[in-house]
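Here is a short note for a colleague who is new to this entry. Please have the model open while reading.

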Amino acid sequence: MLDIRLLREQPDVVKATLAKAGVEASAVDAVLVFDEKRRGVLAEVERLKALRNTVSKEISTLKDADVRNTKIAEMRVVGDQISTLDKQVAELEAAQQAALLDLRNLPHESVPVGADEEGNVVLQTIGTPRQFDFAPRPHWELGESLDIIDFERGVKVSGSRFYILKGKGARLQRALIQWLLDLHGNQGYHEVYTPFVVKEQCMWGARQLPKFRDNLYHDAEEDLWLVPTAEVPVTNLHRDEILDATQLPINYCAYTPCFRREKMSAGRDVRGIKRGHQFDKVEMYKFVHPDTSYAELEKLRQDAEESCRLLGIPYRTKVLCTGDMGFASTKTYDIELWAPGQDEWLEVSSCSNVESFQARSTNIRFRPEPTAKPEFVHTLNGSGLGIPRTMIAIMENYQNADGSITVPEVLRSYMGGLEVIK
RNA sequence: GGAGAGAUGGCGGAGUGGUCGAUCGCGCUCGUCUUGAAAACGAGAGAACUAACGUUCCGAGGGUUCGAAUCCCUCUCUCUCCUCCA
């Protein structure tokens, strides 16, 4: 969430910045109105509490029973007033909080302004798409003919948007996960294995709730939520902690499956494994000093790009415009792999700086100096590649005329030396 | 799933109705001493909101009371033993 003080002190700046992402100024005013009312009532109730505290201490020393009883009666009235006002404060605070949680993060000044994905800017395109001397096939055809992806049985077992990986296909996925974790480990990310279900509080902290409720799977009985990305448990690793400044930046990488209901994408990308309800992903995550977060964003992006480069597949990097960026992000790079069979660029990584947006709602801080007051850290997240889309790109770029698939060099040692899936 | 115990500051651990935001120990920071370090000695230090006064925070939420870390209720979590299990 945003800093309420920033809204109070520079409302015009906040409004102007949010306007670039299509947010109405009234959304900011709503927060401020509640805030002002709340602070008014708070001042009054605190004055009464101060009075009660003083008189209560006095009462303990009073010997005269009459005076004592008079004071007690007075304080009983004060106590009633306090509880009434306390309730008002709580209500106003909840309303203010709800309005504040509704505000997205402020786009960074370097982000291009735009209404939707049309406004995104391609920064670079690396590698040359391979020239085929045959018509490249889409991965779903290759997967079925090689019998490494089984769509029908996936649907039989779990419904639409589920599939079964078989044999070399399952192994290719496992190889990718392992290779990526090793690669990120060498890049300085500390590997963690987290639960795949989390408490509701974690979803709020990572700002999945309240906005993305419709996209999440939820176990009502245990009040646990299936993670839509490793970003959720990893963000919450350090919830309510004051981190040691000398340890920053803290870099993590984590493999998890990701579960998404995809309600918003009904009918989109229904073929193949591009958009399933369950997919695997390796995620990179950084807790950093605020001064360094934009430099860290560049490193994060380069680390993600390196995996694309090592796979030997053409990729391009885009900076997302204000209208297409995620809710929590101040600046986002998308990295896309070329998929010749589907004839499209596939988003395999999204690298974002969220500054203190998540740190504030999860209360993750550090001390700039040993005796200084704690400040919020900045956090960044980036996919160390979404696995199914990377698989698509591998299958379609490395396919051969006979329908076999050459295993990229870097993955062979993870597949027992296998060179071709046929 | 059954039985019991517990949750207090970075850690350990006191505190059962009124200067308790909290004794004490360890750890930490600074200083004295020392060539340097250790030891010893001295000093300091929780968090949130607030311009400030002040208010709030002893797992969470509610209640009793003039006043709650302390009494009552609910919940969550942790530990021990048993049961079960990959």
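1. Conventions. This is a predicted model, in which local features need pLDDT of at least 70, side-chain atom pairs count only at pLDDT 80 or more, and totals for chains, interfaces and linings use all residues. Residues are numbered from 1 along each chain as its sequence is written, chains are lettered from A and ligands numbered from 1 in the order in which they are written, and side-chain values use heavy atoms, with hydrogens and water left out.

2. Surroundings of the RNA. RNA strand B has 18 residues around it. Arg8, Ser56, Met75, Arg76 and Arg365 are the closest. A residue counts as near a molecule or strand if one of its heavy atoms lies within 4 Å of it. Which part of the RNA faces the protein? Of the RNA strand B atoms within 4 Å of the protein, 71% belong to sugar or phosphate. The rest belong to bases.

3. Phosphate contacts. Arg76 has a polar side-chain atom 2.3 Å from a phosphate oxygen of RNA strand B. In Arg5, a side-chain N or O atom is 3.1 Å from a phosphate oxygen. A polar contact is a pair of N or O atoms within 3.5 Å; within protein, one must be able to donate a hydrogen and the other to accept it, and residues adjacent in sequence count only if both atoms are side-chain atoms.

4. Elements at the RNA. Helix H1 (4-9), helix H3 (25-61) and helix H4 (65-101) are the elements that give two or more residues to the surface near RNA strand B. H3 gives the most, with nine residues. Helices (H or I, at least four residues) and strands (E, at least two) are DSSP runs, numbered from the N terminus.

5. Aromatic pairs. The structure holds six of them. Tyr193 and Phe196 form an edge-to-face pair, because their ring centres are 5.6 Å apart and their planes stand at 65 degrees. Tyr285 and Phe287 are tilted instead, with centres 5.1 Å apart and planes at 55 degrees. Rings of Phe, Tyr and Trp (its six-membered ring) pair if their centres lie within 6.5 Å; planes under 30 degrees apart count as stacked, over 60 as edge-to-face and the rest as tilted.

6. Tyr193 is exposed at 67% relative accessible area, while Phe196 is partly exposed at 24%. Tyr285 is buried at 1%, and Phe287 is buried at 0%. Buried means under 20% relative accessible area, exposed over 50%, partly exposed in between (1.4 Å probe, protein chains only). Tyr252, Tyr285 and Phe287 form one aromatic cluster.

7. Cysteines. The whole structure has zero disulfides (pairs of cysteine sulfur atoms within 2.5 Å).

8. Met415. This residue lies in the loop between helix H13 (409-412) and strand S18 (420-421). Met415 is buried, with 4% relative accessible area. Beyond residues up to four places away in sequence, Met415 touches Lys168, Arg171, Leu172, Ala175, Val407 and Ile421. Contact means heavy atoms within 4.5 Å.
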